[in-house]
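Please look through the sequence and the fold before reading on.

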Amino acid sequence: MRDGITLYADIYHPKKEGKFPVLLTRLPYNKDLPFYSHRYLDTNRLVQNGYIVIVQDVRGRFHSEGDFYPFLYEAEDGYDTVEWAAALPYSNGKVGMFGLSYYGYTQLLAATEQPPHLEAIVPAMTLNDWRNNSVDNGGKFLVASSETWALESIAPDQLKRKYGDSEQYAVKMEKMADYYNQIEEWYTYKPVHEWPPLKELGVARYFYDLLNGSVTEDMAERMSILGKYKQLNLPAYHIAGWYDNLLQSTLKNYMEMQKNGQAVQKLIVGPWGHGVFSSVIGERNFGLHASGDSIDGKDDLTGLHIRWFDQWLKGEETVGADEAPIQLFVMGINEWRDEQEWPLERASYIPYYLHSKGKANTRFGDGGLSLEKPMKEEAEDTFVYDPENPVPTNGGGTLYAGVHTMGPKDQRQLEEREDVLVYTSEPLGNALEVTGPVKVKLWAKTSAEDTDFAAKLIDVHPDGTAFNLTDGIVRATYRNGENRGERIKDEILDYEIELWPTSNVFLPGHCIRVEISSSNFPRYDTNLNTGETMVSSEKFKTAEQTIYHQEIYPSHILLPVIQC
C-alpha cells in the first residue's frame, strides 16, 4: 500500500501462457476460509473461463499487516490493490471486483477513488454508509447484528493478533465462546456502551467509538459513498434479496448509479436473505428456480458473473443491448420477471385503511383492513408497551446469531400478544400484486417522552398461516428524519413508517394483514420510553399507546399495486 503496509492475497490463474483479466475480492473474514473466499461463486469456473482470481485479506485482518478499522482504509487500499493487480505480469490490465456484504462494499469504496484499471463491479447485498446501514437506523440501534458481527466475526482474529499463541489467548477465546453461546441473553444487556463481552475481551474498539460518538465526521465520510455516486461511473451489477438486511442500501446504490446515465447498471432481486441464495428461506419454499443455483432455470450466480465480466473485461457481446436492466422475483406466484426501472412506474399507490371497534389487540380481535376510509367516530385502539417484554423479532431481513432466523416465518404466535394490534382484510376475490416500497401512515399518541412504532405487512394464507413480507419501525423523536426535540408525550401525531420494498402476489383467498406494535427486538433496540436509549441507560417506563383511525386520522398502509 502507499503507506508501506503489506496486504496478503491468494492468486488463482489459468494454467497456461498468456495475460488474463483479473477478478478481485477484498474481505475481512480470512482469505483461507472457503465459506467466505469462495462463498456463493465457483471460483474454479471463473479461472477456467480465463480469469485471474485474487482473494485478499483487508488491512489488519488475518495475514495482512496494519490495524483494522471497519471500512476506514478500504477506498485507498482498494485503489492501490486494483492498480497492483493490473500490473501483475500475467494480467492484461483489466480488473473487475466481486463480493457481498463487507466485500461488496470494498468494491464501491475503491470505485469512489476511480482507479484507472477498474472496469466493472458486482456489489452484492451491501452498504452505502456504514454508520447508518450497520449500526444506527433513524435513531435506532441495530442491537443483534452489531453485537453478533463484533463478537463472532471481528473478535477472534483480533484476539489472535493481540495475544498470539499465549495461554492468555486460549483463555480469552474460551471466554469469547462462552459469550457467543449466550449471546441471546447478552442482547438484553443495557446500557450497551458498557457491553461486557467486548469490554472484557478488550477488542473491537470501533464498537464503542460508534456508541460514544468518537467516530469523527472525517472518518464517517471516508466510510460512506453517500454524496459520491457521481464518482461511481462504471458498469455495476447489483444483487439484492427481499429478505436481505441490506436491501434498502443495495437498491439505493442501483438507483443512484443509474441516475448517472453513462455506465450500464443492472439489478437482480431474489427471494433471498443475506448471503443465502437458496430457494428455501425461513418457512417458505419458493421453488427450484428461485435459487441462485438455477435462476429462472436458465443461469446461476457464477454464470451471471462470467457473462457480466466477459462483456466488460473481454469485450465480448454477452450482455445484449435490449436486455432488461432489472430482474425481479415475484413471490406468491413465484416467478421471475424483467423490468425496466425501479420503482415500477406503473405502480398505483393505494391506501388500505385500518379499522376496528377499539379491540384490534391480537389476531382474535376486531381489527380490519379495507379500501374504505374510516368513519368520523371510529374507536381508537390502545396497548401497553413494556420495554422489558418487547415483541420478539421473528424472521424478516435479519442477520444475527440466535434462533430468530431470517426470511418469512409464521407470525401467528406473536399475534396472540396484547401489545400487537392486528388489522386483516377480507379474503381476496382476485389476485393482488404488491411490488415496490411500502409505507404505513399512522396517527398515534403515547404517554412516553419518546417511543417507537413498528409495522409489518403480512400475507395470510387460507389455512391461517401468516407470513411476513416486510416490516419497518420509526422512533418518535426522529419521525421527521431527525431529532428536533419536539414534544411527543400525549400529542396525537402522524408517523410515517417506511417498510422496505417487497414483491408479492396476494392470491385469491389470501388476506392482507398489517401488524402495529412498538418493538421488534433484538433486531432493533427497545425504546425505554424515557427519552434515553438502551445504549446509554437501563431505566425504563411502560407506555400507553393509542392508535387512531378516524376521518381526521385515517391511519393506513400505502401499497404499490401492480395490475395483474
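**A histidine and its partners**

His274 counts as buried, at 5% relative accessibility; buried means under 20% relative accessible area, exposed over 50%, and partly exposed in between, with a 1.4 Å probe and protein chains only. This is a predicted model, in which local features need pLDDT of at least 70 and side-chain atom pairs count only at pLDDT 80 or more, while totals for chains, interfaces and linings use all residues. Residues are numbered from 1 along each chain as its sequence is written, and side-chain values use heavy atoms, with hydrogens and water left out.

His274 is found in the loop between strand 9 (265-273) and strand 10 (280-281). Helices (H or I, at least four residues) and strands (E, at least two) are DSSP runs, numbered from the N terminus. The side chain of His274 makes polar contacts with the side chains of Ser101, at 2.8 Å, and Asn245, at 3.0 Å. A polar contact is a pair of N or O atoms within 3.5 Å; within protein, one must be able to donate a hydrogen and the other to accept it, and residues adjacent in sequence count only if both atoms are side-chain atoms. Leaving aside neighbours within four places in sequence, His274 is in contact (heavy atoms within 4.5 Å) with residues including Arg39, Met125, Tyr243 and Met406.

Tyr352, in strand 14 (residues 348-355), is also buried, with a relative accessible area of 10%. Its C-alpha atom is 6.1 Å from that of Leu369, 17 residues apart along the chain. Beyond four places in sequence, the contacts of Tyr352 include Leu369, Leu432, Ile512 and Ile557.

Ile557 is also among the residues with the most contacts inside the largest nonpolar core, which has 157 residues. Such a core is a set of buried Ala, Val, Leu, Ile, Met, Phe, Trp, Tyr and Cys residues joined through side-chain atoms within 4.5 Å. Helix 6 (residues 143-163) gives the largest share of this core, 9 residues. Ile516 is another of the residues with the most contacts there; beyond four places in sequence, it touches Leu354, Val440 and Leu442, among others.

The structure holds 26 aromatic pairs. Rings of Phe, Tyr and Trp (its six-membered ring) pair if their centres lie within 6.5 Å; planes under 30 degrees apart count as stacked, over 60 as edge-to-face and the rest as tilted. The rings of Trp272 and Trp336 have centres 5.8 Å apart and planes at 55 degrees, so this pair is tilted. Trp272 lies in strand 9 and Trp336 in strand 13 (residues 335-339), 64 residues apart, and both are buried. For Phe286 and Phe329 the centres are 6.0 Å apart and the planes at 80 degrees, so the pair is edge-to-face. Phe286 lies in the loop between strand 11 (284-285) and helix 13 (301-313) and Phe329 in strand 12 (residues 326-330), so the pair ties together parts 43 residues apart in sequence.

Helix 3 (residues 74-86) has 13 residues, of which 10 are buried. Among the buried ones are Glu74, Asp77, Asp80 and Val82. What covers the buried residues of helix 3 includes strand 2 (20-27), strand 4 (91-100) and helix 4 (102-112).

Terms used. Expected span 1.5 Å × (residues − 1).
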